[in-house]
Amino acid sequence: PLIAAHSPETGASDIGIAGGAGVYTFSFADLQGFTQIGGNLVIGDPNGGSGIINVNAFDASALSYGLGFQGGTFALAGNVVSAKDFLVGADVFTLNGNNITAGQNIILEPQTVGRNVGVGTGLGDTQITNAMIALLNVGERYNLIIGDQDEGAGIITVAGVDLTDRNHGIGLFGGTVNVRSNLISDGDILIGGDSINVETFFDEQPFTLTAGTYGDVLIRPMSDGTAIELDGQTGYIQFGGVDQLAFSQINITAGAENTLTVGKQGTGTGTVTIDGLNMSARDYNLAVYGGSATVTNSQGAGFGINMSARDFILHAQGGGDILVEATIQRDNAAAGKVALVADENITFNNNGDINATTGALNTVVNADADGNRSGRIVVSNVVLNTNGGHLTMGGGTYPGGTAAYGNAGGTAGILIDTSTIITGNGDLYMTGHAHDNAAVNDLVGISIVNNSVLTTTGGEMRLIGTGGQGIDRNHGVSEITPTV
């Protein structure tokens with residue numbers, strides 16, 4: 001949380017910090033009796049302040065919270081230290097050769113929404129030069145964040161930025177983000193924009209994003225409702241049907257802890273389409289967030305996604321569903337995981353198989369993730385083969401013990417219809433709760449029908465079903481011509 005304090009009545013007033021000149025002056029001795037749990041103490045006017053923040057040297061490393069300063073111009077006259085975050089909201093940054101040292105993130109964002117920013121270039125109304133970046137000491141494994149993460153609307157243009165051996169990452173957030181050289185980070189690379197252009201060198205070799213050994217890459221739109229497509233034919237991440245950058249332009253160190261995240265976790269609601277995407281040559285996790293999602297194969301790839309050597313997470317937020325109508329495939333010999341998470345329903349149909357051909361694939365199918373007791377799982381005319389991986393189907397925040405819920409679209413919490421499930425030495429857990437409807441019969445928690453086959457050779461099988469509140473035959477688990 002941001003807590004504004006010590007703001008002058010007039011947003012245009014100059015503010016003096018630690019002895020700096022201003023109509024309002026602020027000393028860190030004022031904070032000795034001030035207690036804040038988490039967040040940042042912000043000095044100045046976050047809503048349109050246009051005065052000068054004149055800052056002399058100070059050391060706030062003893063404080064238990066971060067610091068923020070917001071005005072028209074930020075002018076630094078000595079070295080400053082913050083224990084946690086250090087936030088500056090200003091249209092002009094003047095460091096005068098002085099250092100900023102933060103225990104966590106350093107965040108530089110324009111005070112004016114929509115203002116253009118040049119990072120390492122001369123292109124922009126606000127300038128963050130490489131000489132300035134060299135004076136910013138970000139906490140180890142934290143990030144230098146440039147732009148407004150929530151309302152970024154201007155153009156961020158970056159070139160010639162190399163954060164090798166800086167022990168931190170970089171974030172760039174605007175309406176449009178233009179990357180005009182290779183961008184190298186010692187940690188994360190986080191990019192948010194409705195248009196992201198990682199350009200090419202004289203129309204030949206594309207520029208690349210290279211994250212550090214322990215770094216992740218985030219590519220997301222600024223707008224919550226922007227549609228996202230991962231297009232296997234072109235190899236591009238698309239926003240709103242427009243190519244943004246290619247997977248070949250993203251370099252992430254191989255490792256179980258390193259992840260490419262696409263989309264806005266928590267707030268993204270635009271549709272997601274994963275279409276014939278081949279990630280088999282990549283050795284990092286892929287996590288995708290948006291609204292209703294479809295795994296499909298419209299271009300003859302033979303699969304919806306061929307997973308990387310690591311894990312795959314697909315989360316349909318904002319009341320979204322997941323439809324798997326093409327195979328989720330994994331060929332790597334090492335064990336991996338796929339997690340399909342939807343606020344509402346998850347459906348596998350026709351060619352929507354799960355096919356682990358070599359290593360075990362631990363699989364989580366998590367409907368009703370928002371816990372509103374409406375989110376079912378349908379497995380129809382497919383084969384789910386985890387090759388020895390555990391398969392868990394359920395709902396809520398703990399699908400291993402919380403039920404997927406039937407709803408008006410289909411009363412069974414989990415329906416297995418004309419399908420085969422094979423876990424080998426892996427466990428098979430299902431938890432389903434039927435829809436409640438006092439006017440009907442046959443409200444079944446887990447329904448297994450039409451010659452469906454559930455097989456585990458060396459693992460445990462546990463099916464927990466709860467019938468709905470109806471007239472009659474409201475069973476927990478109902479089996480009609482199955483093999484279990």
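Me: Which residue stands opposite Thr73 in S11?

Reply: Strands of a sheet pair through backbone hydrogen bonds, either parallel or antiparallel. In this predicted model, Thr73 stands opposite Val92 in S11. Strands here are DSSP runs of E with at least two residues, numbered from the N terminus, and two of them pair if DSSP finds at least two bridges between them. Strand S8 (residues 73-76) is joined to S11 by 3 bridges, and the two run parallel.

Me: In what order do the 5 strands of the open sheet stand?

Reply: The order is S3-S2-S5-S8-S11, with parallel pairing. Strand S3 (24-26) and strand S11 (92-94) are the edge strands, each pairing on one side only.

Me: Why is one side of strand S32 and of strand S51 left without a neighbour in the sheet?

Reply: Strand S32 (277-278) and strand S51 (453-456) stand at the edges and each has a single partner strand, so one side of each lacks a neighbour in the sheet. Their open sheet has 7 strands, ordered S32-S35-S38-S41-S44-S48-S51, and the pairing is parallel. Within it, 2 bridges join strand S35 (residues 305-306) to strand S38 (residues 328-330), and Asn306 stands opposite Gln329 in S38.

Me: What should be kept in mind about numbering and confidence?

Reply: Residues are numbered from 1 along each chain as its sequence is written. Because the model is predicted, local features need pLDDT of at least 70 and side-chain atom pairs count only at pLDDT 80 or more, while totals for chains, interfaces and linings use all residues; side-chain values use heavy atoms, with hydrogens and water left out.

Definitions and conventions: Helices (H or I, at least four residues) and strands (E, at least two) are DSSP runs, numbered from the N terminus.
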